[in-house]
Amino acid sequence: MKKSEQKTKYLKQLCNDNGIIGALAIDQRGALKKMIAKTKGTEATDTEIVEFKEVVSSELTKYASSILLDPEYGLPAADVRTDNAGLLLAYEKTGYDASTPGRLPDLLSVWSVKRLKEAGADACKFLLYYDVDEPNSINEQKQAFVERIGSECDAEDLPFFLELVSYDANISDATSKEYAIKKPHKVNTMMKEFSDPRYGVDVLKVEVPVNMNYVEGYATEESVYTKEEAAQYFKEQSNATNLPFIFLSAGVKASLFQETLRFAKESESTFNGVLCGRATWAEGVEKYVAEGKEAAITWMNEQGRQNIETLNRVLQETATPVEF
């Protein structure tokens, strides 16, 4: 589906000069609170959440094509990003209600796509947890939800980035061998579903289709897939969509994420970049909590910068430019 001139203009703002999305993600809210609290030993304050996001944004957007933030805590960080960096804003409430089956989504109650655009967003990002094998009574609710957001984004002429996170309602540990066996089917099937034009999605933000810790040659213990099987799943993923798609880092260490991108390229994946969060800045949380803002700034300009510049070099070798 041909994009409007305005959407194309926004999308270009989110890419680097080579048409690749090398975006930084720090829209974490609940997860970031837990990371700070774990190091600190007491609950994280709102001031700490806001300030850490500002440190990441001010120091690391020098090296990123764009940054993903949340409008709850992240707007001050958006204001201190460098001029070269585009802005994505998250539209979903953090987490989900674990007491209700289905991990049903919810929106930030005082926000709309119109308001995200007014706040300076170049794109709206929405996170959806999706199990392709759950009952239609659950998944149809999610499909309708995404259709509404897609229509809202079209009305505002703002790109819609849909972040898809797979799960299995009957497997509690997504890092387990049991889930690794099912993951390729889960990831690639949901990508195909939400590539349908009815959803109005412009870019998919997705997981890689395998757990690399279970790929032969990368596995820490027993493997689930041979390298050839894993490569085939990456190829199938590319064939499942005609939309631009980017990979999320899913909290893995920077080195493994970089190796994953190289493996994806070798497997003929046509991914268009990344939206990378914790793999870039996670270790800076401990520095921030233990030694304060200035120490965190120093860490960002040393190790954080190294993480993102190394990732950028890998992207130049592996990612496919977005076609406008």
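**Exercise 1. Handedness and geometry of the H3–H12 pair.** Determine in which sense H3 passes H12, and classify the orientation of H3 and H12.

*Solution.* In this predicted model, the crossing in which H3 passes H12 is right-handed.

Step 1. The elements are helix H3, residues 46–60, and helix H12, residues 293–318. Their packing angle is about 45 degrees, and their axes are 9 Å apart.

Step 2. Angles under 35 degrees count as roughly parallel, and those from 65 to 115 as roughly perpendicular. H3 and H12 are therefore oblique to each other.

Step 3. On the H3 side, the contact is formed by Glu 51, Phe 52, Val 55, Val 56, Glu 59 and Leu 60. On the H12 side, the partners are Lys 293, Ala 296, Ile 297, Met 300, Asn 301, Gly 304, Arg 305 and Ile 308. By class, the residues of this contact of H3 with H12 comprise eight nonpolar, two polar and four charged.

**Exercise 2. The H11–H12 pair.** Find how the axes of H11 and H12 cross, and state which residues make the contact.

*Solution.*

Step 1. Helix H11 spans residues 283–291, and its axis comes within 7 Å of that of H12, with a crossing of roughly 155 degrees.

Step 2. Angles over 145 degrees count as roughly antiparallel, so H11 is roughly antiparallel to H12. The crossing of these two helices is right-handed.

Step 3. H11 contributes Glu 283, Gly 284, Lys 287, Tyr 288 and Glu 291, while H12 contributes Lys 293, Ala 295, Ala 296, Trp 299 and Met 300. The residues of the contact of H11 with H12 are five nonpolar, one polar and four charged.

**Exercise 3. The nonpolar cores.** Identify which residues have the most contacts inside the largest nonpolar core, and which element gives the most to this core.

*Solution.*

Step 1. The largest nonpolar core holds 80 residues, and those with the most contacts inside it are Phe 52, Leu 162, Phe 194, Leu 204, Phe 247, Leu 261 and Trp 281.

Step 2. The element that gives the most to this core is H12, with eight residues.

Step 3. A separate, second core has 15 residues, among them Leu 14, Ala 23, Ala 25 and Val 322.

**Exercise 4. The surroundings of Tyr 130.** Decide whether Tyr 130 is buried or exposed, and list what Tyr 130 touches.

*Solution.*

Step 1. Tyr 130 belongs to strand E4, residues 123–130.

Step 2. Because its relative accessibility is 4%, Tyr 130 counts as buried; the cut-off is under 20%.

Step 3. Leaving aside residues up to four places away in sequence, Tyr 130 touches Asn 139, Lys 142, Gln 143, Val 165, Ser 166, Tyr 167, Met 190, Glu 193 and Phe 194.

Note on methods
Residues numbered from 1 in each chain as written. Predicted model: local features only at pLDDT ≥ 70, side-chain atom pairs only at ≥ 80, totals over all residues. Heavy atoms only, no water. Axes fitted to C-alpha atoms, helices over the stretch in contact; angles between N-to-C directions. Helix = DSSP H or I, 4+ residues; strand = E, 2+ residues; numbered from the N terminus. Left-handed = near helix turned anticlockwise from the far one by under 90°. Contact = heavy atoms within 4.5 Å. Nonpolar A, V, L, I, M, F, W, Y, C, P; charged D, E, K, R; others polar. Core = buried A, V, L, I, M, F, W, Y, C linked by side-chain atoms within 4.5 Å. Buried < 20%, exposed > 50% of the residue type's maximum accessible area, 1.4 Å probe, protein only.
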